[in-house]
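Keep the view open as you read.

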Amino acid sequence: MLPTSLMNPTDWLRIAQRLQALAQTGLAYASNGFDTERHREIHALSMQMLANLTGEPVPQLQAIFAAETGYPTPKVDIRAVLFRGTEEVLMVQEKMDGNRWSLPGGWADVGYTPFEVAVKEVQEETGLETQAVRLLALLDKKQHHHPPQPWYVYKAFVLCRVTGGTIRPHTTETAEVRWVHRDELVGLELSTDRVTLAQLETMLAFAQNPDLPTLCD
C-alpha cells in the first residue's frame, strides 16, 4: 500500500468499497452486540468516505446499500456489442446521463443469464432483435478510467448479432440509436460511467479479428 500522502482518489475509493464490504459481512455474521456495534461504525465511516469520493449524499448512499445484506459480491454491468462490418458499432444516447453515448446495456437482472440480459437490453434500447454470440471481455471496473461510484463492479461485453427488428430512433431510455464509425468515436461525448473510449477501441479490434481470445482482468 502506498503512503497516504501519495494515494489518489481511486485508491481511497477502493479502500472505502472494501470497508463497506467488510462491514456488511460483519453485520451478517456478527455473533454478539459488541461486534455488531463495531461493524455498524465501520459501515458509517465507509458511507462518509464514499460520499466524499463520489459526491453522493450520505442518506442516498445509505438508501442504496440498505437492501445489501449478507456476503457482498460485485455488481455486474452487461454491455452488448454489435458490429456492422469491421468499422462500425451500434451505440445509444443514454437519457439518464445527459444523452451521452454508450453501448446498449445495463445491470444484470436476477433470473436472466448474461446472454439473455444482453439480448433484452438491445431490444429495449434499440428495437433490434439479436442473438448473443460470445463473451468478448469481463473487466474489473476499477482497472479502467471510469468515474468513481459506490459499487464494486464487473463489466461484461457480449457480442451480439442482429436477427430481426428495426432500429427505433429513440426509446424510453435512449434519445438516439445509430451505427457509429470508428473515426467518430474520439468526437463523441461518452457516458464514461458505462463505457470508455479505450474499451470501444478494444471491442472494435474484435470486429477486425473475430478469433481474438476473450479478455479478462
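Q: At what angle to β6 does helix α5 run?
A: In this predicted model, helix α5 covers residues 197-208. Helix α5 lies across β1, β6, β7 and β9. Its angle to β6 is about 120 degrees.

Q: Which strands does helix α4 lie across?
A: Helix α4 spans residues 114-126. It runs at about 125 degrees to β6 (128-140). The strands it lies across are β1, β5, β6 and β7.

Q: Which strands stand at the edges of the open sheet?
A: The sheet has 5 strands with mixed pairing, in the order β5-β1-β7-β6-β9. Each edge strand has a single partner, so one side of it is left without a neighbour in the sheet. The edge strands are β5 (105-107) and β9 (215-216).

Q: How many bridges join β1 to β7?
A: Strand β1 holds residues 75-81, and strand β7 holds residues 153-165. Val 81 stands opposite Leu 159 in β7. The two strands run parallel, and the bridges joining them number 7.

Q: Are α1 and α2 roughly parallel or antiparallel?
A: Helix α1 (residues 9-29) and helix α2 (residues 33-54) pack with their axes 8 Å apart. Their angle is about 150 degrees. Over 145 degrees counts as roughly antiparallel. The two helices are therefore roughly antiparallel.

Q: Is Pro 59 buried or exposed?
A: Pro 59 lies in helix α3 (residues 58-65). Its relative accessible area is 57%. The cut-off for exposed is over 50%, so Pro 59 is exposed.

Conventions: Residues numbered from 1 in each chain as written. Predicted model: local features only at pLDDT ≥ 70, side-chain atom pairs only at ≥ 80, totals over all residues. Heavy atoms only, no water. Axes fitted to C-alpha atoms, helices over the stretch in contact; angles between N-to-C directions. Helix = DSSP H or I, 4+ residues; strand = E, 2+ residues; numbered from the N terminus. Parallel < 35°, antiparallel > 145°, perpendicular 65-115°, else oblique. Buried < 20%, exposed > 50% of the residue type's maximum accessible area, 1.4 Å probe, protein only. Pairing = 2+ DSSP bridges. Contact = heavy atoms within 4.5 Å.
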